[in-house]
Amino acid sequence: MPKDKPNEEVKYEDLNIDNSFYRTEIPDSYKNRIPFTPINLKMINASIPGTILEIFVEPGQNILAEEKMLILEAMKMRNIIISEIDGIVKKVHIKSGDIVSKNQLLIELE
């Protein structure tokens, strides 16, 4: 019996990892974790907080993978944000000079 639960009965559950099953006690922190969500390459978010210095795209513009979209300055460094996919710019949610927070939506692609 675990030391932190002297009067409680341990509840074991099956844990599946890569099709291997383990009978174990699963902590609440694991049960309440935030599930993984894949990155949507059509939604360009700020990876760090900073200031928008320059925007190279506008709505309706065709954009190719590896093409510059904007410059985000953070911690005295200029980060060039490039597109990972080909697409059409649907909406630009920021303008030059805007201060953005981490994970803020910057640009949407179609």
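This is a predicted model: local features need pLDDT of at least 70, side-chain atom pairs count only at pLDDT 80 or more; totals for chains, interfaces and linings use all residues.
**Strands, a core and a tyrosine**

Me: Which sheet do E4 and E9 belong to?

Reply: They sit in an open sheet of four strands, ordered E7-E6-E4-E9, with antiparallel pairing. The strand labels come from DSSP runs (strands E of at least two residues, helices H or I of at least four), numbered from the N terminus.

Me: Why do E7 and strand E9 (99-100) stand at the edges?

Reply: Each of E7 and E9 has a single partner strand, so one side of each is left without a neighbour in the sheet.

Me: What is the order of the other open sheet of four strands?

Reply: That sheet runs E3-E10-E8-E5, and its pairing is antiparallel. Strand E3 (43-45) and strand E5 (62-63) are at its edges, because each has a single partner strand.

Me: How do you know that E3 pairs with strand E10 (residues 105-109)?

Reply: Three bridges join E3 to E10, and the two run antiparallel.

Me: Why is E10 called mostly covered?

Reply: Four of the five residues in E10 are buried, where buried means under 20% relative accessible area (exposed is over 50%, and partly exposed is in between, with a 1.4 Å probe and protein chains only).

Me: Which residues have the most contacts inside the largest nonpolar core?

Reply: They are Leu70, Leu106 and Ile107, in a core of 16 residues. Strand E6 (68-74), strand E8 (87-92) and E10 are the elements that give two or more residues to this core. A nonpolar core is a set of buried Ala, Val, Leu, Ile, Met, Phe, Trp, Tyr and Cys residues joined through side-chain atoms within 4.5 Å.

Me: What does Ile107 touch?

Reply: Leaving out residues up to four places away in sequence, Ile107 touches a list of residues including Met43, Ile44, Val57, Leu70, Val89 and His93. Contact here means heavy atoms within 4.5 Å.

Me: Let's finish with a tyrosine. Why is Tyr30 called partly exposed?

Reply: Tyr30 has a relative accessible area of 36%, so it falls in between the buried and exposed limits. Tyr30 is found in helix H1 (residues 28-31).

Me: How far apart are Tyr30 and Tyr12?

Reply: Tyr30 and Tyr12 are 18 residues apart in sequence and 14 Å apart in space, C-alpha to C-alpha.

Note on methods. Residues are numbered from 1 along each chain as its sequence is written. Side-chain values use heavy atoms; hydrogens and water are left out. Two strands pair if DSSP finds at least two bridges between them.
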